[in-house]
Amino acid sequence: MTNARSAPEKPYLLGTDAEEGRRLERQHLLWSLETHDLWDRGGFGPGHRLLDLGCGPGFASVELAHRVGGGGHVLAVDESRRFIETLVRDAKRRGLAQLETRLERVEALRLEPGSLDGAFARWLFCFLPDPAPVVQRVVTGLRPGGRFVVWDYLNYHATRLHPQGPACERVLEAVSESWRLTGGDLDIGARLPGLLEAAGCHVVDLVPIVRFARPGTALWEWPTGFFFGYMPRLVEAGLLTESERRAFEAEWHERERDPGAFLSAPPMVGIIAEKRRS
(Lines give C-alpha, C1' and ligand atoms only; values in the text may rest on other atoms or scores of the structure.)
Protein backbone atom coordinates (compact mmCIF):
# COMPACT_ATOMS: atom_id res chain seq x y z
CA MET A 1 0.00 0.00 0.00
CA THR A 2 1.42 3.36 -0.92
CA ASN A 3 0.84 7.01 -0.24
CA ALA A 4 2.47 9.14 -2.91
CA ARG A 5 1.33 12.46 -1.46
CA SER A 6 3.53 15.25 -2.80
CA ALA A 7 6.17 16.60 -0.44
CA PRO A 8 8.59 19.47 -0.89
CA GLU A 9 11.81 17.60 -1.46
CA LYS A 10 15.10 19.14 -0.45
CA PRO A 11 18.31 17.61 -1.79
CA TYR A 12 19.65 14.76 0.34
CA LEU A 13 23.18 15.77 1.33
CA LEU A 14 24.69 12.64 -0.22
CA GLY A 15 22.44 12.54 -3.28
CA THR A 16 19.77 10.09 -4.43
CA ASP A 17 21.27 8.82 -7.68
CA ALA A 18 21.76 5.17 -8.58
CA GLU A 19 25.33 5.08 -7.26
CA GLU A 20 24.22 6.40 -3.89
CA GLY A 21 21.48 3.77 -3.84
CA ARG A 22 24.09 1.07 -4.39
CA ARG A 23 26.28 2.56 -1.64
CA LEU A 24 23.35 2.53 0.76
CA GLU A 25 22.63 -1.10 -0.08
CA ARG A 26 26.24 -2.10 0.62
CA GLN A 27 26.11 -0.08 3.84
CA HIS A 28 22.93 -1.83 4.96
CA LEU A 29 24.42 -5.27 4.35
CA LEU A 30 27.65 -4.41 6.17
CA TRP A 31 25.80 -3.33 9.30
CA SER A 32 23.07 -5.98 9.16
CA LEU A 33 24.12 -7.86 12.31
CA GLU A 34 24.14 -4.70 14.40
CA THR A 35 20.79 -3.66 12.94
CA HIS A 36 19.07 -6.93 13.78
CA ASP A 37 20.60 -6.89 17.26
CA LEU A 38 19.01 -3.50 17.91
CA TRP A 39 15.66 -4.70 16.57
CA ASP A 40 15.87 -7.70 18.90
CA ARG A 41 16.65 -5.43 21.83
CA GLY A 42 13.68 -3.29 20.82
CA GLY A 43 11.44 -6.34 20.83
CA PHE A 44 10.32 -5.88 17.23
CA GLY A 45 8.44 -8.99 16.18
CA PRO A 46 5.49 -10.63 14.39
CA GLY A 47 2.29 -8.63 14.27
CA HIS A 48 3.91 -5.36 15.28
CA ARG A 49 3.11 -1.97 13.78
CA LEU A 50 6.44 -0.30 13.03
CA LEU A 51 7.77 2.92 11.53
CA ASP A 52 10.97 3.15 9.47
CA LEU A 53 11.71 6.86 9.51
CA GLY A 54 14.02 8.27 6.84
CA CYS A 55 13.88 4.89 5.13
CA GLY A 56 15.86 5.81 2.00
CA PRO A 57 15.53 3.08 -0.66
CA GLY A 58 13.98 0.86 2.03
CA PHE A 59 16.46 -1.93 2.64
CA ALA A 60 15.63 -1.93 6.37
CA SER A 61 11.91 -1.46 5.62
CA VAL A 62 11.79 -4.67 3.60
CA GLU A 63 13.49 -6.65 6.37
CA LEU A 64 11.18 -5.15 8.97
CA ALA A 65 8.19 -6.14 6.82
CA HIS A 66 9.42 -9.73 6.81
CA ARG A 67 9.98 -9.54 10.56
CA VAL A 68 6.43 -8.38 11.39
CA GLY A 69 4.86 -10.74 8.84
CA GLY A 70 1.49 -10.50 7.18
CA GLY A 71 -0.23 -9.73 10.47
CA GLY A 72 1.92 -6.66 11.06
CA HIS A 73 2.43 -3.34 9.36
CA VAL A 74 5.47 -1.22 8.45
CA LEU A 75 5.20 2.43 7.51
CA ALA A 76 8.28 3.61 5.58
CA VAL A 77 8.70 7.39 5.35
CA ASP A 78 11.19 9.39 3.30
CA GLU A 79 11.27 12.75 1.54
CA SER A 80 12.99 11.43 -1.60
CA ARG A 81 10.54 10.58 -4.36
CA ARG A 82 13.19 8.48 -6.11
CA PHE A 83 13.82 6.40 -3.00
CA ILE A 84 10.12 5.93 -2.28
CA GLU A 85 9.36 4.91 -5.87
CA THR A 86 12.21 2.38 -5.69
CA LEU A 87 10.76 0.92 -2.50
CA VAL A 88 7.22 0.79 -3.92
CA ARG A 89 8.47 -1.31 -6.84
CA ASP A 90 10.49 -3.58 -4.56
CA ALA A 91 7.60 -4.14 -2.13
CA LYS A 92 5.24 -4.95 -4.98
CA ARG A 93 7.71 -7.41 -6.49
CA ARG A 94 8.11 -9.14 -3.13
CA GLY A 95 4.38 -9.17 -2.39
CA LEU A 96 4.77 -7.23 0.85
CA ALA A 97 1.24 -5.92 1.33
CA GLN A 98 2.12 -5.09 4.95
CA LEU A 99 4.64 -2.45 3.79
CA GLU A 100 3.20 1.06 3.33
CA THR A 101 5.26 3.92 1.93
CA ARG A 102 4.77 7.61 2.42
CA LEU A 103 6.51 10.50 0.64
CA GLU A 104 6.90 13.01 3.44
CA ARG A 105 9.51 15.13 5.18
CA VAL A 106 10.24 13.82 8.66
CA GLU A 107 9.74 17.34 10.02
CA ALA A 108 6.11 17.13 8.85
CA LEU A 109 5.53 13.57 10.00
CA ARG A 110 1.85 12.78 10.71
CA LEU A 111 1.07 9.85 12.96
CA GLU A 112 -2.06 8.80 14.76
CA PRO A 113 -1.31 8.96 18.50
CA GLY A 114 -0.58 5.56 19.98
CA SER A 115 -0.73 3.80 16.61
CA LEU A 116 2.74 2.24 16.67
CA ASP A 117 4.41 -0.56 18.62
CA GLY A 118 7.85 0.59 17.57
CA ALA A 119 9.90 2.94 15.42
CA PHE A 120 13.35 2.79 13.85
CA ALA A 121 15.63 5.59 12.64
CA ARG A 122 19.19 4.95 11.45
CA TRP A 123 21.60 7.70 10.39
CA LEU A 124 18.74 10.19 10.25
CA PHE A 125 19.03 12.65 13.11
CA CYS A 126 22.62 13.60 12.19
CA PHE A 127 21.14 15.38 9.13
CA LEU A 128 18.46 17.39 10.95
CA PRO A 129 18.99 20.99 12.11
CA ASP A 130 16.33 20.57 14.81
CA PRO A 131 15.81 16.92 15.78
CA ALA A 132 13.75 17.49 18.96
CA PRO A 133 10.36 18.11 17.24
CA VAL A 134 10.86 15.04 15.04
CA VAL A 135 11.64 12.89 18.08
CA GLN A 136 8.46 14.21 19.70
CA ARG A 137 6.35 13.42 16.62
CA VAL A 138 7.57 9.83 16.66
CA VAL A 139 7.03 9.40 20.40
CA THR A 140 3.48 10.74 20.04
CA GLY A 141 2.80 7.97 17.52
CA LEU A 142 4.02 5.25 19.88
CA ARG A 143 1.67 3.44 22.23
CA PRO A 144 2.67 3.48 25.91
CA GLY A 145 5.41 0.89 26.22
CA GLY A 146 6.26 1.16 22.53
CA ARG A 147 9.93 1.39 21.69
CA PHE A 148 11.97 3.79 19.58
CA VAL A 149 15.21 2.28 18.27
CA VAL A 150 17.70 4.91 17.11
CA TRP A 151 21.16 4.49 15.60
CA ASP A 152 23.39 7.45 14.87
CA TYR A 153 26.88 8.92 15.02
CA LEU A 154 28.35 9.66 18.42
CA ASN A 155 31.84 11.13 17.94
CA TYR A 156 32.75 11.57 14.30
CA HIS A 157 36.03 13.29 15.18
CA ALA A 158 37.29 9.98 16.58
CA THR A 159 37.46 8.59 13.03
CA ARG A 160 41.11 7.83 12.32
CA LEU A 161 43.13 6.31 9.51
CA HIS A 162 46.13 4.45 10.92
CA PRO A 163 48.95 5.18 10.36
CA GLN A 164 47.66 8.73 10.63
CA GLY A 165 48.26 11.23 7.86
CA PRO A 166 47.46 14.89 7.26
CA ALA A 167 45.45 14.34 4.06
CA CYS A 168 42.83 12.16 5.74
CA GLU A 169 42.60 14.54 8.68
CA ARG A 170 41.94 17.40 6.28
CA VAL A 171 39.13 15.51 4.52
CA LEU A 172 37.51 14.62 7.84
CA GLU A 173 37.53 18.30 8.78
CA ALA A 174 35.87 19.18 5.46
CA VAL A 175 33.19 16.51 5.93
CA SER A 176 32.38 17.81 9.40
CA GLU A 177 32.21 21.38 8.09
CA SER A 178 29.84 20.35 5.29
CA TRP A 179 27.48 18.87 7.88
CA ARG A 180 27.64 21.98 10.05
CA LEU A 181 26.81 24.21 7.10
CA THR A 182 23.58 22.30 6.50
CA GLY A 183 22.67 22.36 10.19
CA GLY A 184 23.50 18.70 10.79
CA ASP A 185 25.40 17.21 13.72
CA LEU A 186 27.75 14.25 13.35
CA ASP A 187 27.89 13.94 17.14
CA ILE A 188 24.10 13.85 17.57
CA GLY A 189 24.24 10.52 19.42
CA ALA A 190 25.45 12.34 22.51
CA ARG A 191 22.27 14.47 22.59
CA LEU A 192 19.68 11.89 21.56
CA PRO A 193 19.21 10.15 24.95
CA GLY A 194 18.32 13.50 26.52
CA LEU A 195 15.96 14.38 23.67
CA LEU A 196 14.21 11.02 24.00
CA GLU A 197 13.82 11.41 27.75
CA ALA A 198 12.42 14.92 27.28
CA ALA A 199 9.91 13.61 24.72
CA GLY A 200 8.43 11.12 27.19
CA CYS A 201 10.65 8.06 26.87
CA HIS A 202 12.82 6.07 29.23
CA VAL A 203 16.18 5.05 27.75
CA VAL A 204 16.34 1.30 28.29
CA ASP A 205 19.69 0.53 26.66
CA LEU A 206 22.69 2.21 25.07
CA VAL A 207 24.65 -0.01 22.68
CA PRO A 208 28.16 0.97 21.52
CA ILE A 209 28.72 0.39 17.80
CA VAL A 210 32.44 0.45 17.03
CA ARG A 211 34.32 -1.37 14.29
CA PHE A 212 37.73 -1.29 12.62
CA ALA A 213 38.12 -1.58 8.85
CA ARG A 214 41.20 -3.15 7.28
CA PRO A 215 42.29 -2.87 3.64
CA GLY A 216 40.95 -5.61 1.42
CA THR A 217 37.81 -6.20 3.48
CA ALA A 218 34.19 -5.40 2.67
CA LEU A 219 34.10 -2.98 5.60
CA TRP A 220 37.03 -1.05 4.12
CA GLU A 221 34.96 -0.44 0.99
CA TRP A 222 32.33 1.37 3.11
CA PRO A 223 34.47 4.45 3.89
CA THR A 224 36.20 4.17 0.51
CA GLY A 225 32.90 4.53 -1.30
CA PHE A 226 31.81 7.40 0.90
CA PHE A 227 35.01 9.46 0.76
CA PHE A 228 35.70 9.02 -2.94
CA GLY A 229 32.08 9.70 -3.80
CA TYR A 230 31.69 12.70 -1.51
CA MET A 231 35.00 14.51 -2.10
CA PRO A 232 33.94 16.02 -5.47
CA ARG A 233 31.01 17.65 -3.62
CA LEU A 234 33.42 19.05 -1.04
CA VAL A 235 35.62 20.47 -3.79
CA GLU A 236 32.59 21.95 -5.56
CA ALA A 237 31.46 23.56 -2.29
CA GLY A 238 34.90 25.11 -1.72
CA LEU A 239 35.50 23.08 1.43
CA LEU A 240 38.36 21.10 -0.10
CA THR A 241 40.88 21.99 -2.78
CA GLU A 242 41.60 19.76 -5.75
CA SER A 243 45.18 19.27 -4.52
CA GLU A 244 43.87 18.20 -1.10
CA ARG A 245 41.58 15.70 -2.80
CA ARG A 246 44.47 14.22 -4.77
CA ALA A 247 46.62 14.08 -1.63
CA PHE A 248 43.91 12.13 0.16
CA GLU A 249 43.59 9.65 -2.69
CA ALA A 250 47.35 9.07 -2.68
CA GLU A 251 47.41 8.65 1.10
CA TRP A 252 44.43 6.30 1.06
CA HIS A 253 45.90 4.11 -1.67
CA GLU A 254 49.19 4.01 0.22
CA ARG A 255 47.36 2.68 3.29
CA GLU A 256 45.62 0.08 1.12
CA ARG A 257 49.05 -1.37 0.36
CA ASP A 258 50.04 -1.41 4.05
CA PRO A 259 49.05 -4.72 5.76
CA GLY A 260 49.21 -2.99 9.14
CA ALA A 261 46.86 -0.15 8.24
CA PHE A 262 43.31 0.18 9.48
CA LEU A 263 40.54 2.72 9.88
CA SER A 264 38.81 3.38 13.19
CA ALA A 265 35.25 3.82 11.91
CA PRO A 266 33.26 6.68 13.46
CA PRO A 267 31.90 5.57 16.85
CA MET A 268 28.14 5.22 16.84
CA VAL A 269 25.47 4.50 19.43
CA GLY A 270 22.32 2.41 19.34
CA ILE A 271 19.58 3.65 21.64
CA ILE A 272 16.57 1.67 22.84
CA ALA A 273 13.97 4.04 24.32
CA GLU A 274 10.57 3.04 25.68
CA LYS A 275 7.60 5.38 25.83
CA ARG A 276 6.54 5.92 29.42
CA ARG A 277 3.26 4.30 30.40
CA SER A 278 2.15 7.24 32.52
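Q: How many residues of strand E11 are buried?

A: Strand E11, which spans residues 268-275, is mostly covered, with eight of its eight residues buried; buried means under 20% relative accessible area, with a 1.4 Å probe and protein chains only. Strands here are DSSP runs of E with at least two residues, helices are runs of H or I with at least four, and both are numbered from the N terminus. The model is a predicted one, in which local features need pLDDT of at least 70 and side-chain atom pairs count only at pLDDT 80 or more, while totals for chains, interfaces and linings use all residues. Residues are numbered from 1 along each chain as its sequence is written, and side-chain values use heavy atoms, with hydrogens and water left out.

Q: Which residues of E11 point one way, and which the other way?

A: In a regular strand the side chains alternate between the two faces of the sheet. In E11, Met268, Gly270, Ile272 and Glu274 point one way, whereas Val269, Ile271, Ala273 and Lys275 point the other way, and all are buried.

Q: Which residues stand opposite Ile272 in E11?

A: Strands of a sheet pair through backbone hydrogen bonds, either parallel or antiparallel; two strands count as paired if DSSP finds at least two bridges between them. Strand E6 (residues 142-153) pairs with E11 in the antiparallel sense over seven bridges, and Val149 stands opposite Ile272. Strand E8 (residues 201-209) also runs antiparallel to E11, joined to it by eight bridges, and here Asp205 stands opposite Ile272.

Q: What is the order of the strands in the open sheet?

A: Three strands form this open sheet in the order E7-E10-E9, with antiparallel pairing. Its edge strands are E7 (160-162) and E9 (212-213), each of which pairs on one side only. Three bridges join E7 to E10 (residues 262-264), and His162 stands opposite Phe262 in E10.

Q: At what angle do helices H6 and H9 pack?

A: Two packed helices are described by the angle between their axes and the distance between the axes. Helix H6 (residues 166-181) and helix H9 (residues 242-256) pack at an angle of about 125°, with their axes 8 Å apart; axes are lines fitted to C-alpha atoms, for helices over the stretch in contact, and angles run from 0 to 180 degrees between N-to-C directions. That makes H6 oblique to H9, because angles under 35 degrees count as roughly parallel, over 145 as roughly antiparallel, 65 to 115 as roughly perpendicular and the rest as oblique.

Key:
Buried means under 20% relative accessible area, exposed over 50%, partly exposed in between (1.4 Å probe, protein chains only).
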